Amino acid sequence: MAAPLLISFLLLYFTAAGESIGVNYGTLANNLPSPAQVANFLKTQTVIDRVKIFDVNPDILRAFAGSGIAVTVTVGNGEIVGLKDPRVARRWVSANIKPFHPATKINYIAVGNEVLHWGDKFQVSGLVPAMKSLHHALIQEGIKDIKVTSPHSLGILSVSEPPSSARFRRGYDRAVFVPMLKFLQETNSPLMVNPYPYFGYNPKMPNYSLFKPNRGIRDPKTGITYTNMFDAQMDAVHTAAKAIGFGNVELVIGETGWSSACEWEVCSIEHARDYNANLIKHINSGKGTPLMPNRKFETYLFALFNENLKPGPLGERNWGLFQPDFTPVYDVGILRNGQRPGGSGGGGGSSGAVGKKWCVPKLEASGQALQANIDYVCSSGVDCKPIQPGGSCFQPNDVRSHASFVMNSFYQTNGRHDYNCDFAKTGLITSSNPSRGSCVYV
């Protein structure tokens, strides 16, 4: 028996040791690449092997077919009440899952999005019945490898600090979370939560939110000193689940991230890079949290792209790891060109190169203005062969991507003065290396 047990252990170890980082792929923008381009980019240029979408967009599901990238799909909050009916759930699975499975590797159906935060009383009361109906519909259709869960904000907790005192909100604890966690336990499915240290940011203790050295905060009941808010938030959810008898239900991070630009001091490219890069290192270390040690949490960063049509304040449109032309907003080590979290990796030029700057287009720059920039630069003697067909920077073949490369070339070859990146107010100087794949920015 020793050999089979050893083999089983090794398989379990190497499975757990794999990457655990995915990304939320939102589409509230009018300048995004096609789903096929996105799937190809993630597969060939990044280490991301899973995405979460906020609907069941058939174009996206088709684009990821055969990619090996796992996809979490989402049931809209408005659909929850109807899906309590097993017949409706069966039709939903037949229409939205079966045509794409298993060519597209769908791993979760997320029922609703933070329903207890945003939903009405009918959606809240219908949540668990809808989850059960969808699970049974999957089984009836012969699909046994897709799990049903539901993502929640930390607003589900009435108390979250210190973590040892955390509890689910009264009323929801017994009416919603007991049956939900019982269902998740029975189906071996995780509870999906959305921890955001960004929203708990304290300017007096910035490092506590960013996984950087700090004195920490001590939980007087357990004696544990938490040195990052993420661990404290995760242990708070675990404690709340344990308090009602379900501490063994696994947790998946459905969303977490940091906005790189907004109207107050919490937002900056540096903070966004530090949080996400340090989070990735923390997750992939396998250390877990003080109350859940030695584990990796499957984690979906928010978000893949900056989305220019998201409503609300400026910060809502600046959660992306990438611009719509696949230019990195900052480097967190998910590209396959040798970049590493924190900008310290070799190859490909990291964003951590001391004093290094690049010139890229501003988000609001029009296509017409960017084409004028291309025409100007390419007539000034700068080498534009890389953006021509067959060149290393021809793909993606769009004006913004081509303008980005040639504007930077002009900036670098003319002395790297700020005014060399003005381009009639359409240029922006960045310390984040925009290189991608074989397209290397000097």
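A: Arginine 273 and aspartate 274 join their side chains in a salt bridge, at 3.9 Å from N to O. The term requires a side-chain nitrogen of Lys or Arg within 4 Å of a carboxyl oxygen of Asp or Glu.

Q: What kind of model is this, and how are residues numbered?
A: This is a predicted model, in which local features need pLDDT of at least 70, side-chain atom pairs count only at pLDDT 80 or more, and totals for chains, interfaces and linings use all residues. Residues are numbered from 1 along each chain as its sequence is written, and side-chain values use heavy atoms, with hydrogens and water left out.

Q: Is aspartate 274 buried or exposed?
A: Aspartate 274 is buried, with a relative accessible area of 17%. Arginine 273 is also buried, at 17%. Buried means under 20% relative accessible area, exposed over 50%, and partly exposed in between, using a 1.4 Å probe and protein chains only.

Q: How many salt bridges does the whole structure have?
A: The search finds 13 salt bridges. Among them, lysine 52 pairs with glutamate 255, with the closest N and O atoms 3.9 Å apart. That pair links distant parts of the chain, 203 residues apart: lysine 52 is in strand S2 and glutamate 255 in strand S12. Strands (E, at least two residues) and helices (H or I, at least four) are DSSP runs, numbered from the N terminus.

Q: And how accessible are lysine 52 and glutamate 255?
A: Lysine 52 is buried at 1% relative accessible area, and glutamate 255 is buried at 7%.

Q: Which residues form a network of salt bridges?
A: Asp49, Arg50 and Glu298 are linked in such a network.

Q: Turning to aromatics, how many pairs are there?
A: The whole structure has 22 aromatic pairs. Rings of Phe, Tyr and Trp (its six-membered ring) pair if their centres lie within 6.5 Å; planes under 30 degrees apart count as stacked, over 60 as edge-to-face and the rest as tilted.

Q: Why is the pair of tryptophan 258 and tyrosine 275 classed as it is?
A: The ring planes of tryptophan 258 and tyrosine 275 are at 40 degrees, so the pair is tilted, and the ring centres are 5.4 Å apart. Tryptophan 258 lies in the loop between S12 and helix H10, and tyrosine 275 in helix H10, so the pair ties together parts 17 residues apart in sequence. Both tryptophan 258 and tyrosine 275 are buried.
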